[in-house]
Amino acid sequence: MAPITSQDSRPQEATNPRPLGPGSKEEQAEFPSPTPAPSRPKFRRWGCGALTPPSLCTGTCSPRSLRMVRAKNWTLKKHFHGHPTDSDFELKTVELPPLNNGEVLLEALFLSVDPYMRLGSKRLKEGDTMMGQQVARVVESKNPAWPVGTLVLAHSGWASHSISNGQQLEKLLTEWPDTLPLSLALGTVGMPGITAYFGLLEICGAKSGDTVLVNAAAGAVGAVVGQIAKIKGCRVVGAAGSEEKVDYLKKIGFDFAFNYKTVKSLEETLKKAAPDGYDCYFDNVGGEFSNTVIRQMKKFGRVAICGAISMYNSTGQLPPGWTTPDTVSLPTEGKGSPLLHSKEIWLRPIPGERDLPGNPHGRVHLQPLEGRSAPEGAEGAADVGSRGENPVS
């Protein structure tokens, strides 16, 4: 058996010993690298508050997302008096809670600004998030029916992020064309377009040969009303509030368009446009405008009351007449339309007798208007004849 030699008894060099330098072989031999410590199990803090490795979780707790999201909400700072202004709104940051099972986190892509909000805001309390629809994307999900990446329509108001249980969500059409801007789901392909479609064809019953009058004709609803009427073979007269809008109406096929703000006599202008009167009147404006039109309707003419935007910002006595904000918002019984399940009508041609200028085969001209802030859109949304391609981003 070989003797065990201690470090002190090892032979020494005859000359002065060389000190061990960092990284030298001698150092490595004398001071070997320590053995790596065993890896620690990865821990995760669960929704119940426990800090345990995944292998030890019993799964009996209700898991919650730990992602904390700060949402930006445009709120109603004070109720409107006259035209909405920036000072009526306040941008707040709100920290959203973690998701529960069955919930999804939505990120807004586009928000809607519609004239109805001018009336509907009266039901809000000061400090509430402004109402409205939005195109949103599911960015986190604990609901298998709404996986991450799903594009939806949500009534989440003017909020950058929101939490939904999925019950009030509506999926965008799965066959949505790649060339179609998503913002149009809030305009021509959404509620305004569906309102135009059923209001004109079911309520007014427009048919070939009819003379149709629409006011606020360059708006999100009015522009679609006029185009559908043209496709169906009607003569279409439109009123708008600027020369730019009048030019737009002529571009998309209106037979007669005028600026109601600059004509000397509304009554005479209407007679000039349709000497024999009107079969259908699609009313977005109400007030004195409608009082003038009603005297020029043909016998058994049909009227669709859609809005009364000429009076939404009024602060004084409303003009006498049969179309008022109360009439528009009154819960009355009438023809129902499957609005939320009818957007597929826009993915096929509308049967008719005529093509639109530069846009043939029964297709409606689509012109999204994006990029405004929500308050900027609100300031113009309730104006008569406002260009209502309404999404903001």
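User: How many aromatic pairs does the count come to in this predicted model?
Analyst: The model is a predicted one. A pair of aromatic rings is described by the distance of the centres and the angle of the planes. Rings pair if their centres lie within 6.5 Å. By this rule the count of aromatic pairs comes to four.

User: Which class, stacked, edge-to-face or tilted, describes the aromatic pair of Phe80 and Phe89?
Analyst: The ring centres of Phe80 and Phe89 are 5.5 Å apart, with 55 degrees between the planes. Planes under 30 degrees apart count as stacked and those over 60 as edge-to-face, with the rest in a third class. The pair of Phe80 and Phe89 is therefore classed as tilted.

User: Which residue is linked with Phe80 and Phe89 into a cluster by ring pairs?
Analyst: Phe80 and Phe89 are both buried. Ring pairs join these two residues in a cluster with a further member, Trp158.

User: Is Ser121 buried or exposed, and at what relative accessibility?
Analyst: Ser121 belongs to the loop between helix H2 (116-120) and strand E6 (134-141). Leaving aside residues up to four places away in sequence, Ser121 touches Leu76, His79, Phe80 and Met131. Buried means under 20% relative accessible area. Ser121 counts as buried because its relative accessibility is 2%.

User: Why does Trp74 count as partly exposed?
Analyst: Trp74 lies in strand E3, which covers residues 69-76. Partly exposed residues fall between the 20% limit for buried and the 50% limit for exposed. Trp74 is placed in this class because its relative accessible area is 23%.

User: Which side chain of opposite charge is nearest to Asp283, and how far away is it?
Analyst: Asp283 is found in strand E13 (residues 278-283). Asp283 is buried, yet it has no salt bridge. A salt bridge requires a side-chain nitrogen of Lys or Arg within 4 Å of a carboxyl oxygen. The nearest side chain of opposite charge is Arg295, at 13 Å.

User: What does the side chain of Asp283 reach at 2.9 Å?
Analyst: The side chains of Asp283 and Asn215 are joined by a polar contact of 3.2 Å. At 2.9 Å, the side chain of Asp283 reaches the backbone nitrogen of Gly286.

User: Which strands and helix do the buried residues of helix H3 pack against?
Analyst: Helix H3 spans residues 191-203, and its buried residues include Ile194, Tyr197, Phe198 and Leu200. The buried residues of H3 pack against strand E10 (211-214), helix H4 (222-231), E13 and strand E14 (297-305).

User: How many residues of H4 are buried?
Analyst: Among the buried residues of H4 are Val224, Gln227 and Lys230. The elements that cover them include H3, E10, strand E11 (235-240), helix H5 (243-251) and E13. H4 is mostly covered, and its buried residues number ten of ten.

User: What percentage of the residues of the chain count as buried?
Analyst: The chain has nine helices and 15 strands. Among its contacts between residues at least 6 apart in sequence, 62% join residues at least 24 apart. Of the 393 residues of the chain, the share that counts as buried is 45%.

How values were computed:
Residues are numbered from 1 along each chain as its sequence is written. This is a predicted model: local features need pLDDT of at least 70, side-chain atom pairs count only at pLDDT 80 or more; totals for chains, interfaces and linings use all residues. Side-chain values use heavy atoms; hydrogens and water are left out. Helices (H or I, at least four residues) and strands (E, at least two) are DSSP runs, numbered from the N terminus. Buried means under 20% relative accessible area, exposed over 50%, partly exposed in between (1.4 Å probe, protein chains only). Lys and Arg count as positive and Asp and Glu as negative; His and the chain ends are not counted. A polar contact is a pair of N or O atoms within 3.5 Å; within protein, one must be able to donate a hydrogen and the other to accept it, and residues adjacent in sequence count only if both atoms are side-chain atoms. Rings of Phe, Tyr and Trp (its six-membered ring) pair if their centres lie within 6.5 Å; planes under 30 degrees apart count as stacked, over 60 as edge-to-face and the rest as tilted. Contact means heavy atoms within 4.5 Å.
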